[in-house]
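Please walk through the chains of this assembly and the places where they touch. The text below takes the contacts in turn and then turns to confidence.

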Amino acid sequence: MISISMLSLILGIALLITGIFAMLTRKNLIRIVIGFSIADTGTHIIIVSLGYLRGRTAPIIDRAVNAADAVQKVVDPIPSALVLTAIVIGLAVTAVMLSFVVEMYRKNRSLSIDDYQELKW
Amino acid sequence: MIPVIVIVLGIVMLGAAFAAIYFKSLLASIISAGVISLLASVLYLILGSPDVAMTEATIGSGLTTVVFLFALYRVRKGNPDD
Amino acid sequence: MIKYLAVIVSVVGLGMIFLPIVTGFHEAEQLSPLAAQYVEGSINDLETQNVVTSVIVTYRGLDTLGEVTVLFLATVGVGLLLKGTQEDRLLMPFSELLETTSSVLVAMIMVLGIYIFSHGHLTPGGGFQGGVVIASGFLLLLLASSGTKINHLVLNLVESVSGAAYVGIGAAGLVLAVGFLSPEILPLGDFGRLLSAGAIPVIYSLIGLKVGSELTSILVTMGGE
């Protein structure tokens, strides 16, 4: 029986690669940002799946998990904490990228990456 | 039972990812990207991280989609086609 | 064509990098010693039910401070990039029914957001989630009622006061307790009560206010006024 964390790990890697593929091949600027957002989600799934332990529950001490043997019953809290902050940063980065896209569109009236060749040699 | 749910979630998420890349309409792409985040929050719940699930559901599929739509609106105002 | 080939080669190469992670992956049987210490410390030292909250606010509090700073910088960046591009409002005026309902709903959404961030140490949720819920309440106001004017002065005031209070509480930990951002400056209280876990609920509420006002500011800037 293949484990949940293994499946999630494979799914996360697949999403990460899909997102990077989209960033490399698409021409539309907004679609490149969508690719970044997909890759972001994939990375988060990879990190969370590395912290999962079979048959355990969320790291919240209540009636389901009593304080005495909590260490035997909860999943790893550190990946959750890291991913939680990473998601918020992801939104902030996406907003800044989209502001750049809007600003570039206002200057050049184009969303195609082919029209921005100032740095191409 | 739960591995089957994870597999189904994974297939739908990858399908939505390819839809987000290859759909002609940008609006449909943005909504597909929101669907990926929404299903990811279900996956986080299965993986025992309700905190991350809440964050992903509110930020990933809520605010990120809205920010994308605002940007699309601003860009599209010049040329209503596309 | 050559470009597509290069892209495919690099993507496959990336997949090769990840292959050993998948094949060499085996699920751990026990928590790592660090994680076990965090869980025990959260129960015994900090009286916090939600271990993730104690990791975010206390054990990795400095990370969170940096993260909130990044969010602030992103807000400034969005404001700077889109400055002077005031667009007209997104939508035409709505029916009176929609405006009335949304103004009633906004109050409930705000209460939900405050509930989420003030109970961050007891239940899933916390400052980031609560802040986003508050920002979504403002978004509803922005989209559904035509006459809304967001007061930027109040928004900036809430943002900067909560940020300064966050750093101030952290610095107070240096003097009154064991170190920067230490929650023991307030009494730890009983396990599972709202007023417990020392300064953790206070710090997380401040983070909630800060995140909420920053995200509202991003949405207002991007949506155009």
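Chain C gives 17 residues and chain B gives 14 residues to the contact between them, where two residues are in contact if their C-beta atoms, placed from the backbone, lie within 7 Å. On the chain C side, the elements that give two or more residues are helix H6 (127-144) and helix H8 (200-223) of chain C; helices are DSSP runs of H or I with at least four residues, strands are runs of E with at least two, and both are numbered from the N terminus. H6(C) supplies the largest share of that side, seven residues. By type, the chain C side divides into 11 nonpolar, five polar and one charged. Here Ala, Val, Leu, Ile, Met, Phe, Trp, Tyr, Cys and Pro count as nonpolar, Asp, Glu, Lys and Arg as charged, and the others, Gly among them, as polar.

This is a predicted model, in which local features need pLDDT of at least 70 and side-chain atom pairs count only at pLDDT 80 or more, while totals for chains, interfaces and linings use all residues. Residues are numbered from 1 along each chain as its sequence is written, and chains are lettered from A and ligands numbered from 1 in the order in which they are written.

Chain B also touches chain A: 39 residues of chain B are in contact with 40 residues of chain A. Helix H1 (2-22), helix H2 (26-46) and helix H3 (50-76) of chain B each give two or more residues to the chain B side. H3(B) contributes the largest share of this side, 15 residues. The chain B side comprises 27 nonpolar, nine polar and three charged residues.

Chains A and C meet through a helix pair. Helix H1 (residues 4-25) of chain A packs against helix H1 (residues 2-23) of chain C at an angle of about 160 degrees, with the axes 10 Å apart. Axes are lines fitted to C-alpha atoms, for helices over the stretch in contact, and angles run from 0 to 180 degrees between N-to-C directions. H1(A) and H1(C) are therefore roughly antiparallel, the term for angles over 145 degrees. Residues making this contact include Ile13(A), Ile17(A) and Phe21(A) of H1(A) and Val11(C), Leu14(C) and Phe18(C) of H1(C). The contact divides into 12 nonpolar, two polar and no charged residues.

As for confidence, the model scores ipTM 0.86 and pTM 0.88. Chain C averages a pLDDT of 81, with 92% of the residues scoring at least 70; pLDDT is the predictor's confidence in each residue, from 0 to 100.

Key
Angles under 35 degrees count as roughly parallel, over 145 as roughly antiparallel, 65 to 115 as roughly perpendicular and the rest as oblique.
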